[in-house]
Amino acid sequence: MNVPSIRRANIALLCIGLGLVLSVMLSQCVAQLNRKSAKSNVSRRVRFTKAECVGAPYKLSHLNYCNMVQFPNGTIGLNVSVHIPIVLNYFEINAKVFYKYSTYRPFMIDWSIEMCQAIRVGKFNPATAFVMKVAEKSVPEYYHPCPHGNRTYKTFWIIEPSYIPDTLPSGDYRVDIFFRDATFSKLLSVQVYCAIRKQGLIAQLSRNVRKANISHTLRITKMQCIGTPYKHTYLHYCQMEQFENGTVGANISIHAPQVINYGEISAKLFYKYTTYRPFMIDWSMEYCQAYRVGKFNPSTALVMTIIKESLPAIYYPCPHGNRTYNIFWMLEPKFIPRALPSGDYRLDVYIRDSTNTNMFALQVFGVVRKQGLLSLPSGSQTNTMQRCDILQVFVSVLLARTVAQLNWISTNSDLSHTLRITKMQCIGVPYKQTILRHCKMQQFQNGSAGLHISADVPMVLNYIEISVKLNYKYTAYRPFMIDYSMEYCQAERTKMFNPSTALMMKVIEESLPDLYYPCPHGNRTYTVFWLFTPKFIPQTTPSGDYRLDIFYRDQSGTSLFALQMFGAFVKDSENGTASHALRITKMQCIGAPYKHTTLNLCKMEQFPNGDVALNISMDIPQVLNYIEISVQVFYKYTTYRPFMVNWNMEYCHTARFGKLNPNAVIMMKVIEATIPDLNYPCPHGNRSYNVCWLYERKFLLPSLPSGDYRMDIYLRDSSKANIIAFQLYGAMQCVDLPYKRTVLNHC
């Protein structure tokens, strides 16, 4: 071996050794940080003691058996069999929690949801979301849309402690769960008894090591005093203070001239859906009596703990008042339950006297967001973290160079494939149950091919079998690899897919999004343009000629529609792939003047990097609670003809309920990303709108064929009169990758 090769080998060994040393040092630094960030307080342990069915026999159902089963590790479950002979399209689930003082009394949670509507609408408030999550995880086989009933339900329900919030105080609890029909008759009733006890430090640390779940962070965005001036007190100042580390507090000075022997503290929590609505917490307590008696229910205990730890200077028995209070109040995140869902919250705090008059009122706005396992340190950990950051940089550079070399090797040693569609046709016509209006293949300049289809389906379909079969050409076409069959209605209803069904549903969702919705189908005319994208073809497929047969059948096995697609899969000898670029050529407002609006300005703006925007100013004097948005795309053959996209949605209804079909999802996403200041629920109007609309390329389908396009967009009111209408002209062209561009972030 020559000297240069020995030197290179020594250098390589030195780099490997250095990487190992730095990795060990990095792991030690992370371990030190983890030890420093470990909490020393105690946690709680949940122990289920009893589970039983109550209230039997039931009027509309028959309970076959209900037995509690306990396992050696302490886990318990409920083995239940119940027969429900009636069909259920209304299914109410009610959950109520009781805390044991001398007897069991209601505590915090009293939730009721109608399961059929919740699954059908798909938009859950946080309480419903929690109940639905428990149902989905613990009894997934019964988590499907209504109708329910008309069968025997047999299940073994394991009660997991993970559903219990960590912030619950120690004590004995009872959970009552009721299942009722539309007449409010009980179908099944379950009671679960459990005990929550404090857990020592060693047990807590071992539990924290086992748990690697995602936590939440609270960020206070606003604190303000409300309802001023007050009748019996005088507020000198109330200012929110924010510090460099993100801590937020309220600096308050208030004079209370009278003596206070009664002080009611009320705390109410709101969650933001489209507006703020009450959520979970609505607590009220009389401070003077609570402090004097010293016996607290759990909610009072939590409020008193917050006062004691965050305002120790005023934590003393009554009488209060007859003085000026100068305080700085900081709400610490440790008092926030970890089980709170992500979202925007508002906390209203009121302090009232015996006449129910406000002495002080405060609003706190905050955001709860999910946080990853690795979080940034604070305080004394900063220097240690900086030292670890230096080591991380060295390890990251070594790792990045290794990955880059591996990527270069794999990129330059592989051959990719190209799919070329040669023929697409409908077969087996005429069909017995449906009428095929037209079926025509369209080929474009870049080689993409699609199928224009229009078919009448007069009957209602609650069963659609889709069969996909692939054939490979030897001397003749013979079956090859793929022979999939699925029942679409059931798959969409249960959302439980095996791998082949998952792939077929993904193809439908991405290539025919306007038809991707639950059954019933039919009783309409389907007009679609289906463009098959090669990304669904496995890269390991061998070269050759293929035929794909697709059949849609009803419950009797009769063909509703059948399609054949012929193609050739060819290996590429080069890695030079081509992408597409959109060049906007013209943007203009059309149909002006409008009946109910005044268009002040509509001007196309072009930027040096090629981006184009439409600058619009218009007055809408009337209030709008109905806005229909229509989007239609045209492709230029010899003239412009409709192509693929013909979408309609009513914006106000969509923004209010949030139940979106795939088309509406894309349209709402475009509105949110391009004109975010107008993306809010109705009412709209009664104002002037000044916007600069930049259509971003990221919303274009990568599989669009080359050519000239026109997009017509109409906004109409409830009388179908145009609010505004505009046209966008553009050309899709092939470009070679990689290419350099700049992006206009906003206009």
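Q: Two strands count as paired if DSSP finds at least two bridges between them. With that in mind, how many bridges join strand β27 to β30?

A: In general, the strands of a sheet pair through backbone hydrogen bonds, and the pairing may be parallel or antiparallel. The model here is a predicted one. In it, strand β27, which covers residues 612-624, is joined to β30 by 10 bridges, and the two strands run antiparallel.

Q: Is Thr155 buried or exposed?

A: The reading rests on relative accessible area, where buried means under 20% and exposed means over 50%. Thr155 has a relative accessibility of 16%, so Thr155 counts as buried. This residue belongs to strand β6, residues 148-158. Beyond residues up to four places away in sequence, Thr155 touches Leu78, Asn79, Val80, Val139, Glu141 and Tyr142.

Q: Is Asn326 buried or exposed?

A: Asn326 has a relative accessible area of 53% and is therefore exposed. This residue is part of strand β14, which spans residues 320-329.

Q: Which residues does Asn326 touch, not counting residues up to four places away in sequence?

A: Asn326 touches Tyr237, Ile252 and Ser253. With Ser253 there is also a polar contact of 2.6 Å between the two side chains. Sequence separation and spatial distance should be read as two separate quantities. Asn326 and Asn251, for example, are 75 residues apart in sequence, yet their C-alpha atoms are 7.8 Å apart in space.

Q: Which residues of the largest nonpolar core touch the most other members?

A: The core has 47 residues, and those touching the most other members are Ile627, Ile629, Met649, Tyr651 and Trp693. At least three residues of this core come from each of domain 3 (419-569) and domain 4 (581-733). Apart from neighbours within four places in sequence, Met649 is in contact with Ile627, Glu628, Ile629, Thr654, Ala664, Met667, Met668 and Ile671.

Q: How many helices and strands does the protein chain have, and what percentage of its residues are buried?

A: The chain contains 11 helices and 32 strands. Of its 747 residues, 41% are buried.

Q: Among contacts between residues at least 6 apart in sequence, what percentage join residues at least 24 apart?

A: In this protein chain, the share is 64%. The pair Asn326 and Tyr237 gives a contact to inspect in the model.

Conventions. Residues are numbered from 1 along each chain as its sequence is written. This is a predicted model: local features need pLDDT of at least 70, side-chain atom pairs count only at pLDDT 80 or more; totals for chains, interfaces and linings use all residues. Side-chain values use heavy atoms; hydrogens and water are left out. Helices (H or I, at least four residues) and strands (E, at least two) are DSSP runs, numbered from the N terminus. Buried means under 20% relative accessible area, exposed over 50%, partly exposed in between (1.4 Å probe, protein chains only). Contact means heavy atoms within 4.5 Å. A polar contact is a pair of N or O atoms within 3.5 Å; within protein, one must be able to donate a hydrogen and the other to accept it, and residues adjacent in sequence count only if both atoms are side-chain atoms. A nonpolar core is a set of buried Ala, Val, Leu, Ile, Met, Phe, Trp, Tyr and Cys residues joined through side-chain atoms within 4.5 Å. Domain bounds come from an automatic or database domain assignment.
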